[in-house]
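Student: Could you walk me through this structure? I am new to it and would like to go one topic at a time.

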Amino acid sequence: MNWDLVLDIAIVLGKSLLLLVCLLVFIAYILLADRKVWAAVQLRRGPNVVGPFGLFQSFADLIKFALKEPIIPAGANKGIFLLAPFISCLLALGAWAVIPVAEGWAIADINVGILYVLAISSLGVYGIIMAGWASNSKYPFMSALRSAAQMVSYEVSIGFVIITVLLCVGSLNLSAVVEAQQNRGLAHALGVPWLSILNWYFIPLFPMFVVFFISALAETNRPPFDLAEAESELVAGFMVEYSSTPYLLFMLGEYVAIMTMCSLTTILFLGGWAPPV
């Protein structure tokens, strides 16, 4: 038996599990913060009962969703109906395989990491289309079409913005993008390499940074680009027929995608990890 191969597989599985746990716990509190912000906008208190200051609310919701009985419409295509949320959630989590969370710490530090993220985000549209079609209802189907059109259209602008960053870096590796903002740039030209913030690409590429931020909002259906889930005419969007764990998987995939876009914004324009002192 090749013990080196077994050890490498064990290390990758361990890093994957650690990243997954940290990501899900972080998203639980990001979701709580999001609910608190919208509660403040609507002049109400928000979650504040489960745990101190409501800190355990997301975990209570997880238990609630896991224990509820899923309701499947009688006319729905049950196989595709249940497969769609798994596809959306798995693809969203799979994008994190190439995200460098620290220097030298990435599950798969491949040379085409940016292309991998773009491919995974593009495939995520299929989960939405499958959900809208399999529900056999006009409301989720309309929303699936709107959401797919919005996501595909703004992927074009995201791709063009990423190309401008790649022209500055000369590599498709996400770790190389971060290292380029640490080891070369305006700070080194001025003779102050310790002031690495001057190397960050959001300074020379500020218009591209703004376009990427707006496109990321549209890609993840965040306000003001939440037309795909407009409550006034589409109830709850393509997820309107979903409940229980399938609904939870859609919401989890959406917030994981939000975190992915946040990390890409940091990696591409804000220097990534902090340089060693």
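**The largest cavity and beyond**

Tutor: Sorted by class, the lining of the largest cavity has 11 nonpolar, 7 polar and 3 charged residues. Here Ala, Val, Leu, Ile, Met, Phe, Trp, Tyr, Cys and Pro count as nonpolar, Asp, Glu, Lys and Arg as charged, and the others, Gly among them, as polar. Please keep in mind that this is a predicted model, in which local features need pLDDT of at least 70 and side-chain atom pairs count only at pLDDT 80 or more, while totals for chains, interfaces and linings use all residues. Residues are numbered from 1 along each chain as its sequence is written, and side-chain values use heavy atoms, with hydrogens and water left out.

Student: What volume does the largest cavity have?

Tutor: The largest cavity has a volume of about 380 Å³, where a volume is the space filled by probe spheres set on grid points that are joined across faces, edges and corners. Of the 21 residues lining the largest cavity, A92, M151, G253, E254 and A257 are the closest to its centre. On a 1 Å grid over the protein atoms alone, a cavity is a set of points where a 1.4 Å probe fits but cannot get out, a pocket is an open set with protein on both sides within 12 Å along at least five of seven lines, and lining residues have an atom within 4 Å of a point.

Student: Which element gives the largest share of that lining?

Tutor: That is α10, which supplies 6 residues to the lining of the largest cavity. Helices (H or I, at least four residues) and strands (E, at least two) are DSSP runs, numbered from the N terminus.

Student: And the second largest pocket, which residues lie nearest its centre?

Tutor: Those are L217, T220, R222, I258 and C262, out of 14 residues that line the second largest pocket. The space in this pocket is about 320 Å³, and α10 gives the most to its lining, with 6 residues. By class, that lining has 10 nonpolar, 2 polar and 2 charged residues.

Student: Changing topic, how far apart are the end C-alpha atoms of α4?

Tutor: They are 32 Å apart, which agrees with the 32 Å that the 22 residues of α4 (residues 113–134) should span at 1.5 Å a residue, because the expected span is 1.5 Å times one less than the number of residues. Among the buried residues of α4 are G113, V117, G124 and A131, where buried means under 20% relative accessible area, exposed over 50%, and partly exposed in between (1.4 Å probe, protein chains only). The buried residues of α4 pack against α3 (78–94), α5 (138–169), α6 (174–183) and α10.

Student: Is S135 buried or exposed?

Tutor: S135, found in the loop between α4 and α5, is buried, because its relative accessible area is 1%. Its side chain reaches the backbone oxygen of A131 at 2.7 Å, and a polar contact is a pair of N or O atoms within 3.5 Å, where within protein one must be able to donate a hydrogen and the other to accept it, and residues adjacent in sequence count only if both atoms are side-chain atoms.

Student: What is K15 in contact with?

Tutor: Leaving aside neighbours within four places in sequence, K15 is in contact (heavy atoms within 4.5 Å) with W105, A106 and I107. K15 lies in helix α1, and a polar atom of its side chain lies 3.2 Å from the backbone oxygen of A106. K15 and I107 are 92 residues apart in sequence and 6.5 Å apart in space, C-alpha to C-alpha.
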